[in-house]
Amino acid sequence: MHNKIIQTLKQGGLVVHPSDTVYGLLCDTTNPEAVKKLFAFKERPAGKPVSIFVSDLEMAKDYVVIDKKTEDRLKEFLPGPYTVVLQSKHKVVKGLESEKGTLGIRIPKHSEMLELVKKFGRPVTATSANLSTRSPHYSIGSLKKQTSLRRMGLIDLVVDEGELPRNKPSTVVDFTTEDQKIIRMGDKSIKSKVYKVVKSKSEQETKEAAKEILEEVTKE
């Protein structure tokens with residue numbers, strides 16, 4: 001199946017494919033005609049960026065700026081349902097970037113998607129397969145029911161893996177700011193994946209630290 005998907009992507013096609021959150025709409029991020037077709041399907045307003053799937057942090061470094069400190073931080077919660085906004089290296093179609101020149105990357109906790117992107121050799125779009133103003137889809141049946149025949153005609157390949165779990169779209173975190181601002185909250189806060197280093201000098205201090213960490217985790 002991967003070969004068919006890759007062939008479709010290389011030809012500038014649109015592919016509907018499941019991810020770790022919802023059904024996504026994939027296309028080659030370096031192909032202007034493919035991105036134009038994607039925008040036509042989603043009826044996405046100009047200036048609204050689209051994030052990309054990468055297979056790992058090594059691929060991500062080719063497309064966004066990641067220093068050592070940021071890399072260490074990202075390793076704490078990726079792969080996972082997070083979109084990380086970083087400064088772009090401008091190697092994808094410009095329309096996918098924000099007006100500030102930033103780009104959102106995703107490393108999903110989804111083995112098939114990661115393997116697909118790795119085999120393709122470059123990022124694909126990581127946007128949900130729905131109109132920009134509509135809710136995401138968790139089944140192909142829902143997609144077809146809410147999509148006109150004209151717009152369905154823009155899709156070149158559909159990968160149907162049945163009903164997906166009702167996960168929210170990814171949490172979007174802006175890493176271009178000092179405080180790593182959360183732009184959109186999904187199922188998980190970024191804090192729930194971060195590990196603290198706590199120095200303890202006694203058994204009592206260890207217990208108190210453990211209690212504080214437990215309280216923070218249960219708040220998420």
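Mentor: Buried means under 20% relative accessible area, exposed over 50%, and partly exposed in between (1.4 Å probe, protein chains only). Helices (H or I, at least four residues) and strands (E, at least two) are DSSP runs, numbered from the N terminus. This is a predicted model, in which local features need pLDDT of at least 70 and side-chain atom pairs count only at pLDDT 80 or more, while totals for chains, interfaces and linings use all residues. Residues are numbered from 1 along each chain as its sequence is written, and side-chain values use heavy atoms, with hydrogens and water left out.

Trainee: Which residues are buried in helix H2?

Mentor: In H2, residues 32-42, the buried ones are Ala-34, Val-35, Leu-38, Phe-41 and Lys-42. They line one face of the helix, because they fall within an arc of 115 degrees seen down its axis. The arc is that of the directions from the helix axis to the C-beta atoms.

Trainee: And which residues are exposed on the other side of H2?

Mentor: Pro-32, Glu-33 and Lys-36 are exposed there.

Trainee: What do the buried residues of H2 pack against?

Mentor: Their partners include strand E2 (23-26), helix H6 (140-145) and helix H7 (149-152); contact means heavy atoms within 4.5 Å.

Trainee: Turning to helix H5, which residues are buried?

Mentor: Met-113, Leu-114, Leu-116, Val-117 and Phe-120 are the buried residues of H5 (residues 111-120). The face turned away from them carries the exposed Ser-111 and Lys-118.

Trainee: What follows H5?

Mentor: Gly-121 does, and its phi is positive, near 90 degrees.
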